[in-house]
Amino acid sequence: MRITRVRATPVAVPYRTDETWAFGRRRGLVALLVEVDTDEGLTGLGEAAAYPSADAVLGALRAMEPLVVGSDPLRIEQLVQRIDVVGTYHHTGCSSPAAAALETACWDLLGKSCGTPVVNLLGGRFRDRVEFFHYVAAAGPDEVRAEGARAARAGARTCYLKVGSDDLDTDLERLAALREGAGRKMGIRVDANEAWSAGAAVQAVAAMEEFGLELVEQPVSGRNLPEMAYVRSRIGTPLLANEASWTRSDQFAVLREGAADVVSADQQMDGGLLNLKRSAGLCAAAGVPVVKHSLGELGVAVAAAVHVIASTPNFRCANQGYGALLTDDIVEGRFAGPLENYTDGCLEVPPEPGLGVRLDAEKVGRYAELYREEGAGFAFHDPAALSRAPALPKR
Ligand SMILES: [Mg+2]
């Protein structure tokens, strides 16, 4: 089999509610649908996160195309090495989503050509369904309380809340509202996105622990591992690494420094599904659970990750998902984004060959048009946030 063409289509899918973080907000999700055609008539599907922007990833994808057209897509390791080493794209954050989408499409082709779901090529099912957290992006306490109640009604076991605002009381107010709305049993994961100094982190986490926390994600800079280890030693809540652990090399350093209790990994940021599996292996060797991070993904990338997670024992915590935010998707059926497709916060592993997802052509067209018309408005860069330079760490 030979790759004959790579097609990329940027799409923009709106959220129910804006996603906000310390440095901006976005009203929906932009992703690049990647279709890899072959001379045998099979097409492999991949998806690249538009990170840091759709244009940057599209540029990387176009530049990689000559490296993969004419190649055998079933020689996945060889193809990735060609992109990384010959193409010199190794571990550059901007190009990784493009490489990941190409690699994912090759796994889809391999599964389709073998007539088996990708999970069977990665070790088989360790679990039949994969858990995701409920993303609480609502801003004010009343909305947060209502979203917590919605999460509980949907059967979610873990909610995710961004913290690290300028005023700790604002964080505490939202956290209290979430606990009230979601109930006593809900796991609550908070993510400060590196906002705090070590002292501020210790103080903030201590104040938040009264509401019961599952994990605290990246409380301090991910580029100062001894500081992470110090904070970890001073708080009673397990620490989840994220900005510190984008690549396998980063994860290795986090584990070596004892800087986290749980490590997140993301196929978009480290070149694809096989490396996500390898990340889990590194963590397993250190006796540490791993969590799938997401920059915001639609059905193709979510299904791809589900195959890896289902086949890998130490994905023991809820993974990052956007089901609570997405209004729609570009794929058909149960891997389409919105929450209604999740059961108790979980997605089933697709039984069909390859990734097991089918595109909805009408929706691909509709959301490609939305991207063309309003793509800039979907960027994760709030003009108001850009006008004030954030000063980190806080306190
Ligand atoms: Mg994070």
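Me: What should I know about the numbering and the model before I start?
Reply: Residues count from 1 along each chain as its sequence is written, and side-chain values use heavy atoms, with hydrogens and water left out. The model is predicted: local features need pLDDT of at least 70, side-chain atom pairs count only at pLDDT 80 or more, and totals for chains, interfaces and linings use all residues.

Me: OK, the sheet with S5 in it. What's the strand order?
Reply: Seven strands form an open sheet in the order S5-S6-S7-S8-S9-S10-S11, with parallel pairing. Strands here are DSSP runs of E with at least two residues, helices are runs of H or I with at least four, and both are numbered from the N terminus. Two strands pair if DSSP finds at least two bridges between them.

Me: Which strands stand at the edges?
Reply: Strand S5 (134-136) and strand S11 (290-292); each has a single partner strand, so one side of each is left without a neighbour in the sheet.

Me: And how are neighbouring strands turned against each other?
Reply: By 30° on average, direction ignored. The axes are lines fitted to C-alpha atoms, for helices over the stretch in contact, and angles run from 0 to 180 degrees between N-to-C directions.

Me: How does the chain get from S5 to S6?
Reply: S5 and S6 pair in the parallel sense over three bridges, and Val136 stands opposite Leu161 in S6. The chain crosses from S5 through helix H4 (residues 141-153) to S6, in a right-handed β-α-β crossover. Right-handed means that, with the strands pointing away from the viewer, the path from the first strand over the helix to the second runs clockwise.

Me: And from S6 to S7?
Reply: S6 and S7 pair in the parallel sense over five bridges, with Lys162 opposite Asp191 in S7. The crossover from S6 to S7 goes through helix H5 (residues 168-182) and is right-handed.

Me: Is S6 buried or exposed?
Reply: Five of the five residues of strand S6 (residues 158-162) are buried, so S6 is largely enclosed by the rest of the structure. Buried means under 20% relative accessible area, exposed over 50%, and partly exposed in between, using a 1.4 Å probe and protein chains only.

Me: Which way do the S6 residues point?
Reply: Thr158, Tyr160 and Lys162 point one way, Cys159 and Leu161 the other way. In a regular strand the side chains alternate between the two faces of the sheet.

Me: Switching to the metal. What coordinates the magnesium ion?
Reply: Asp191 (OD), Glu217 (OE) and Asn242 (OD1), at 2.1 to 2.2 Å. Donors are N, O and S atoms within 2.8 Å of the metal (3.2 Å for Na, K and Ca); water is not among the atoms, so sites may look incomplete.

Me: What's the spacing of those donors along the chain?
Reply: D-x25-E-x24-N. Asp191 is in strand S7 and Glu217 in strand S8, 26 residues apart. Asp191 and Glu217 are buried.

Me: How many bridges join S7 and S8?
Reply: Three bridges join strand S7 (residues 187-191) to strand S8 (residues 215-217), and the two run parallel. Arg189 has Leu215 in S8 as its bridge partner.

Me: What about the sheet with S1?
Reply: That open sheet has three strands in the order S1-S2-S3, with antiparallel pairing. Strand S1 (3-21) and strand S3 (43-49) are its edge strands, each pairing on one side only.

Me: How many bridges for each pair?
Reply: S1 and S2 pair over 14 bridges; seven bridges join strand S2 (residues 24-38) to S3. Among the bridge partners are Ala8 with Val34 in S2, and Glu35 with Leu45 in S3.

Me: What's in the turn between S2 and S3?
Reply: S2 and S3 form a hairpin with four residues between them, and Gly41 in the turn has a positive phi of about 85°.
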